[in-house]
2 protein chains.
Amino acid sequence: MTPATPAISSRDLPHPAREEIRLEAVLHALADPMRLRIVRELAADGDELSCSHFALPVTKSTTTHHFRVLREAGVIRQVYRGTAKMNGLRRDDLDDLFPGLLDSVLVSAARQAARLGTG
Amino acid sequence: MTPATPAISSRDLPHPAREEIRLEAVLHALADPMRLRIVRELAADGDELSCSHFALPVTKSTTTHHFRVLREAGVIRQVYRGTAKMNGLRRDDLDDLFPGLLDSVLVSAARQAARLGTG
DNA sequence: CTCCTCGTACGGTAATCCTCGTAGTACGGG
DNA sequence: CCCGTACTACGAGGATTACCGTACGAGGAG
């Protein structure tokens, strides 16, 4: 049989608790173009995207690095599912701590992208 | 006669035009604790504050550096008035480019400060 | 078991950043 | 003209960051 979703691996990744998330860290995480792009895709395509789904113009090592920064800042949640690592925005936590912040960043990024003709 | 406000000096400081302001640069500027503190004070006390008004726990050289980062990112506008340099938030430009962003950052910072018992 | 894919860990390089101290400039007042 | 105040410019140290290449581990498919 072919389970739709492979079992979640026992490998666990360190995430900050909700109360440990710092605004400065979140802003710093979102300030990088590559990471902002990742967050925008996560917000647009829904959450549950594997790392390899993103075709970033950097190597896999660097991609891993950026995902780690986002996770340690509390912006995304990562979970192993078989060999894949699924990524999801921590919308609930972020909206609770920083109401409106994520949305305004996403809107701002979209507006700027439209203004500059970049995706 | 004693003019209430000394003449604005001819020394001009380079500011990015509204269309040149980049979201990534703004987020990066706001991601530093010292600069976030400056922006919060500017938003609270109104704009027209001199650099020396801020009692930051760093030297004046470092303070100058942070103000420059904020100015070059398009977050604040600086103008010489006599020997003093007055600083003001570029609220209109920021709100036009990134609606809601500055406010949500300010609210988030205030909430976090209250939560952590830090000013 | 073997291969392939996905992602990590490690090590290294170049760039950026925060901080400082010192020296210097612009401006206003006596 | 001289001095004090406000801020800058320059140079440098130390930390962090972004990026890469290579080597490795974990898990599914044959």
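**Helix packing and the A–B interface**

In chain B, α2(B) and α5(B) sit roughly perpendicular to each other (65 to 115 degrees; under 35 is roughly parallel, over 145 roughly antiparallel, the rest oblique). This is a predicted model, so local features need pLDDT of at least 70 and side-chain atom pairs need 80 or more, while totals for chains, interfaces and linings use all residues. Residues count from 1 along each chain as its sequence is written, chains are lettered from A and ligands numbered from 1 in the order written, and side-chain values use heavy atoms, without hydrogens or water.

**Helix packing in chain B**

- The angle between α2(B) and α5(B), which spans residues 101-116, is about 105 degrees, and their axes lie 11 Å apart (lines fitted to C-alpha atoms, for helices over the stretch in contact, with angles from 0 to 180 degrees between N-to-C directions).
- On the α2(B) side, Leu36(B), Val39(B), Arg40(B) and Ala43(B) make the contact, and α5(B) answers with Leu102(B), Val105(B), Leu106(B), Ala109(B), Ala110(B) and Ala113(B) (contact: heavy atoms within 4.5 Å).
- That α2(B)–α5(B) contact holds nine nonpolar residues, one charged and no polar ones (nonpolar: Ala, Val, Leu, Ile, Met, Phe, Trp, Tyr, Cys, Pro; charged: Asp, Glu, Lys, Arg; polar: the others, Gly among them).
- α2(B), residues 33-45, also packs on α3(B), residues 60-73, at about 70 degrees with the axes 10 Å apart, so α2(B) and α3(B) are roughly perpendicular as well.
- Here Met34(B), Arg35(B), Ile38(B) and Val39(B) from α2(B) touch His65(B), His66(B), Phe67(B), Val69(B) and Leu70(B) from α3(B).
- Sorted by class, the α2(B)–α3(B) contact has six nonpolar, two polar and one charged residues.

**Helix packing in chain A**

- The axes of α2(A) and α3(A), residues 60-73, come within 10 Å and cross at roughly 70 degrees, which makes these two helices roughly perpendicular.
- Met34(A), Arg35(A), Ile38(A) and Val39(A) of α2(A) meet His65(A), His66(A), Phe67(A), Val69(A) and Leu70(A) of α3(A).
- Six nonpolar, two polar and one charged residues make up the contact of α2(A) with α3(A).

**The A–B interface**

- Chain A and chain B each put 25 residues into their contact.
- Together they bury about 2200 Å², with 61% of that on carbon and sulfur atoms (accessible area, 1.4 Å probe, lost on putting the two together, summed over both).
- Glu24(A), Leu27(A) and Gln112(A) provide 23% of what chain A buries against chain B, more than any other three residues.
- Four helices of chain A each give two or more residues to the side touching chain B: α1 (23-30), α2 (33-45), α4 (91-97) and α5 (101-116) (helices are DSSP runs of H or I, at least four residues; strands are runs of E, at least two; both are numbered from the N terminus).
- α5(A) has the largest share of that side, with nine residues.
- By class, the chain A side splits into 14 nonpolar, five polar and six charged residues.

**Salt bridges**

- Over all chains, the structure holds 16 of them.
- One of these joins Asp93(A) to Arg77(A), whose closest N and O atoms are 3.0 Å apart.
- That pair ties distant parts of the chain, 16 residues apart: Asp93(A) is in helix α4 of chain A and Arg77(A) in strand β2, residues 76-81.

Methods
A salt bridge is a side-chain nitrogen of Lys or Arg within 4 Å of a carboxyl oxygen of Asp or Glu.
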